[in-house]
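Please consult the sequence and the model below while reading.

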Amino acid sequence: MAKWYILQTLIAMAAALPVYLTVRVALLALRRKKQPRNWPRELALCFFSLCLVGLFSQTLLVEGYMLERGQARAVWWSQFNLVPFRIFADSVEQIRRVNNYGYFIVNFFGNIAMFLPIGLFLPMLCPKCSFGKTLLIGLGISLLIELCQIPLGRGTDIDDLW
């Protein structure tokens, strides 16, 4: 199941790459000052942008989010988890009941992996971004995603914020 999420993410990123390159080249061409390009920064910006596309493809696109049978808590439009650390109890239940380790891997490690590029690329792209600011931006993006999932018919989970 984790392979499916990774494949969907890579497809979204590959589809976004030509759009990103077209827009970025156009923006660079419109600059009044012709200064030398910082290619490592341009590459980091490209990867960062594509990682955000991948993140949003897995969190905001309803079509790309299908749960397999046997997974804990099917996602319905009205489902909210406001109990912190419930993912651990749900994961233990999934492992005990149906020997499903995928639930924990996707929900716990998947969330970490999806937000890791924010923590890595943001300080590279914005040297004035302290650890605290980077943490707040990551929390803000996560909160924005969780709030956007409500009208989209996706589950909203407080555990996704941390």
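Isoleucine 118 is buried, with a relative accessible area of 3%; buried means under 20% relative accessible area, exposed over 50%, and partly exposed in between, computed with a 1.4 Å probe on protein chains only. This isoleucine 118 belongs to helix H4. Apart from neighbours within four places in sequence, isoleucine 118 contacts Phe48, Leu52, Leu55, Pro123, Thr134, Gly138 and Ile141, where contact means heavy atoms within 4.5 Å. Isoleucine 118 and threonine 134 are 16 residues apart along the chain, and their C-alpha atoms are separated by 7.6 Å.

The model is predicted: local features need pLDDT of at least 70, side-chain atom pairs count only at pLDDT 80 or more, and totals for chains, interfaces and linings use all residues. Residues are numbered from 1 along each chain as its sequence is written, and side-chain values use heavy atoms, with hydrogens and water left out.

**Overall composition**

The chain contains five helices and two strands, in the sequence order α-α-β-α-α-α-β. Helices (H or I, at least four residues) and strands (E, at least two) are DSSP runs numbered from the N terminus. Of the 162 residues in the chain, 35% are buried. Among contacts between residues at least 6 apart in sequence, 66% join residues at least 24 apart.

**Helix H4**

Helix H4 covers residues 102-125, which is 24 residues. The expected span of a helix is 1.5 Å times one less than its number of residues. For H4 this gives 34 Å, and the end C-alpha atoms are 34 Å apart, which agrees.

The buried residues of H4 are Tyr103, Phe104, Val106, Phe108, Asn111, Phe115, Pro117, Ile118, Phe121, Leu122 and Leu125. An α-helix has 3.6 residues a turn, so residues three or four places apart point the same way. Asparagine 111, a residue of H4, counts as buried at 17% relative accessibility. Not counting residues up to four places away in sequence, asparagine 111 touches Val106 and Asp160.

**Helix packing**

Three helix pairs are set out below. Axes are lines fitted to C-alpha atoms, for helices over the stretch in contact, and angles run from 0 to 180 degrees between N-to-C directions.

| Helix pair | Axes come within | Crossing angle |
|---|---|---|
| H2 and H4 | 9 Å | roughly 155 degrees |
| H2 and H5 | 11 Å | roughly 30 degrees |
| H3 and H4 | 8 Å | roughly 160 degrees |

Angles under 35 degrees count as roughly parallel, over 145 as roughly antiparallel, 65 to 115 as roughly perpendicular and the rest as oblique. The H3 and H4 angle is roughly 160 degrees, and these two helices are therefore roughly antiparallel to each other. Ile87, Phe88, Asp90, Ser91 and Gln94 of H3 make this contact with Tyr103, Phe104, Asn107 and Phe108 of H4.

Helix H2 (residues 39-59) crosses H4 at roughly 155 degrees, which makes H2 roughly antiparallel to H4. The crossing of H2 and H4 is left-handed; a crossing is left-handed if the near helix is turned anticlockwise from the far one by less than a right angle, and right-handed if clockwise. On the H2 side, Arg41, Ala44, Leu45, Phe47, Phe48, Cys51, Leu52, Leu55, Gln58 and Thr59 take part, meeting Met114, Phe115, Pro117, Ile118, Phe121, Leu122, Met124 and Leu125 in H4.

H2 also meets helix H5 (residues 131-149). H2 and H5 are roughly parallel to each other, and their crossing is right-handed. Here Leu55, Phe56 and Thr59 in H2 meet Ile141, Ile145 and Gln149 in H5.

Asparagine 81 lies in strand E1 and counts as buried at 1% relative accessibility. The C-alpha atoms of asparagine 81 and aspartate 159 are separated by 7.8 Å, although these residues are 78 apart along the chain.

Phenylalanine 85 sits in the loop between strand E1 (80-81) and helix H3 (86-98). Although phenylalanine 85 is not a glycine, its phi is positive, at about 65 degrees. Asparagine 99 also has a positive phi, near 55 degrees, and is a residue other than glycine. Asparagine 99 is located in the loop between H3 and H4 and counts as exposed at 55% relative accessibility.
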